[in-house]
Amino acid sequence: MASTQGAAEKARVLVASNRGPVSYAREEDGSLRARRGGGGLVSGLSAIGAEADSVWVCAALGDGDREAVRRAAGGLLPAEDTGGQRVRMLDIDAEVHSDAYNGIANSVLWFVHHMLYQTPVEPVFDTEFRRQWASYEACNRAFAEALAEEAADGAAVLVQDYHLCLVPGMLRELRPDLLIGHFSHTPWAPPDYFRLLPDDIAAALLNGILGADRAAFLTARWADAFASCCAAVLGPDSLTGTAIGVHGLGADADFLRERAHAPDVEERMTVLRAEIGEGRKAVVRVDRTELSKNIVRGLLAYRRLLDTHPEWREQVVQLAFAYPSRQDLAVYRDYTAAVQRVAEEINSAYGTPGWTPVVLHVKDDFARSLAAYRLADVALVNPIRDGMNLVAKEVPVVSDQGCALVLSREAGAYEELGADAIVVNPYDIEGTAQALHTALSMPAGERAERTKRLAAAATALPPARWFLDQLRALEELQSS
Ligand code: G6P
């Protein structure tokens, strides 16, 4: 795709991510509506807006996006859709992108780093996998070429996540003058698990990231795992040209506190209070319907709580918000169905005319999530593995009365929040049920104190600082 920028307009700071800050949907009247994206990655990267001469490169992800790109000059989205940020959206062939995104990124790399395979039968790296891998390479090349076109001499480029592991190496070849960083928002697999991948693919992924001047992670645990994989796959000297960094991503306190007191959130609190019922406690969980989030075991633990502590029957409701995610993949659709089935089973086994033990909402609604955060007595965050988990950080920031946090030790957030959470092994149903009981029984004073400390820890690294620290660290590498 030809760039429409003149030399003077080249960017000094660039971000690349598969999902961009805005997406387009077609309205009923046929018009295209731009919607700002949410989530940790987007909120952290939005600090790029403060940088003059910046550009954000992302992929078109659906038909709405593709149409918007075709209308936009050179793939640059209209400023009124992006809050003024220069965004170049890449119109990569839909099948090629789907093979790379659904096939490699979400069905292989996500599975490896979250250790989700049922290994007696999976994974199977066959010719279909090799075909999809060629698409992954093509997508990464499209990003590298666009970045090479957009970047000014010596510009800093921050490449995001497992969709774009090959970009740093490809970009380094095209533009040796650039400062390149790569950031992983996921956990990183330990070497024995990472080496499920065919040797050449494992090496290509690591060498791709090592094309960067700096590779960064959300916690020291994931950074150490990456370094161990490099040593195991590529040899002990492979890391010499790349610095390793750790940047935890915190909650955006100012934004959340203001947003959580808007009228639409207050309205939803009224509805949720009615769903919970007078005098009952609320256990809240909010996730994408994502295999690694462990929603089914969270429900099983809640059922076990109702079994072993019958005093909680009719006294508690689990509000489970499970928002659709990656529905092109059968395994995600099956998981969504399993979540619904288990919730219904609990309701039919324990429910009474005046009490629904599990209230499951599947329609994504950020205002309702914030309303639930404010009302929660207990937040359940029990992922199998998670790069960070921002829900665990957002709840204490907006909680009205203080909220006890049940937290998996396998979430990145555990490193910062573990001291004031009730920590669980995410596979242990009995242990999680007991943790729910402890959390529900916590005296109000202790709950409020812990919530205050959790909120302080959760906001220690605001998203803007997360972004700027990475940029500064890259620039320092150059000056040293
Ligand atoms: C994780 C990844 C992000 C991704 C997000 C949503 O947080 O680290 O890169 O954007 O999930 O997933 P999706 O597949 O919808 O982009």
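## Helix α13

The buried residues of helix α13 are covered by elements that include α12 (295-308), β11 (316-323) and β12 (358-361). These elements belong to a model that is predicted. The buried positions of α13 are Tyr-332, Tyr-335, Thr-336, Val-339, Val-342, Ala-343 and Ile-346. Viewed along the axis of α13, these buried residues lie within an arc of 130°, and they therefore line one face of the helix. An α-helix has 3.6 residues a turn, so residues three or four places apart point the same way.

The other side of α13 carries exposed residues, namely Ala-330, Asp-334, Ala-337, Arg-341, Ser-348 and Ala-349. Helix α13 comprises 21 residues (330-350), and the distance from its first C-alpha to its last is 30 Å, close to the 30 Å expected at 1.5 Å a residue.

Asn-294, in the loop between β10 (281-288) and α12, has a phi near 70°. Asn-294 counts as buried because 26 C-beta neighbours lie inside 10 Å, and the cut-off for burial is 20 or more.

Glu-314 is placed in the loop between α12 and β11, and its positive phi is about 70°. With 17 other C-beta atoms within 10 Å, Glu-314 is partly exposed.

The buried residues in α9 are Trp-222, Ala-225, Phe-226, Cys-229 and Cys-230. Their directions, seen down the axis of α9, fall within an arc of 140°, so the buried residues line one face of this helix. Their cover includes β7 (179-184), α7 (191-194), α8 (199-210) and β8 (214-217). Just after α9, Gly-235 adopts a positive phi of about 110°.

Phe-217 is found in strand β8. Phe-217 counts as buried, because it has 27 C-beta neighbours inside 10 Å. Apart from its neighbours within four places in sequence, Phe-217 is in contact with Ser-184, Trp-188, Trp-222, Ala-223, Phe-226 and Val-246. Among these contacts are Trp-222 and Phe-226, which are also buried residues of α9. By contrast, Phe-217 and Asp-126, 91 residues apart in sequence, are 30 Å apart in space, C-alpha to C-alpha.

## Domain arrangement

The domain assignment of the protein chain gives domain 1 as 7-249 + 465-479 and domain 2 as 253-458. The C-alpha centres of the two domains are 30 Å apart. Contact between them involves 16 residues of domain 1 and 15 residues of domain 2. On the side of domain 1 that touches domain 2, helix α4 (residues 94-114) supplies the largest share, with four residues. The residues on that side of domain 1 comprise six nonpolar, 10 polar and no charged.

## The loop between α4 and α5

Leu-116 is found in the loop between α4 and α5 (127-150). Leu-116 is partly exposed, since 17 other C-beta atoms lie within 10 Å. Not counting residues up to four places away in sequence, Leu-116 touches Phe-111, Leu-291 and Ser-292.

The peptide bond joining Glu-122 and Pro-123 is cis, with omega about -10°.

Met-89 lies in strand β5 (residues 87-90). Met-89 is buried, because 25 other C-beta atoms lie within 10 Å. Beyond its neighbours within four places in sequence, the contacts of Met-89 are Gly-20, Cys-58, Ala-59, Ala-60, Asp-65, Ala-68, Val-69, Gly-75 and Leu-77. Met-89 and Gly-74, 15 residues apart in sequence, have C-alpha atoms 8.9 Å apart.

Conventions: Residues numbered from 1 in each chain as written. Predicted model: local features only at pLDDT ≥ 70, side-chain atom pairs only at ≥ 80, totals over all residues. Helix = DSSP H or I, 4+ residues; strand = E, 2+ residues; numbered from the N terminus. Buried ≥ 20, exposed ≤ 12 C-beta atoms within 10 Å, placed from the backbone. Contact = placed C-beta atoms within 7 Å. Domains from an automatic or database assignment. Nonpolar A, V, L, I, M, F, W, Y, C, P; charged D, E, K, R; others polar. Arc of directions from axis to C-beta. Expected span 1.5 Å × (residues − 1).
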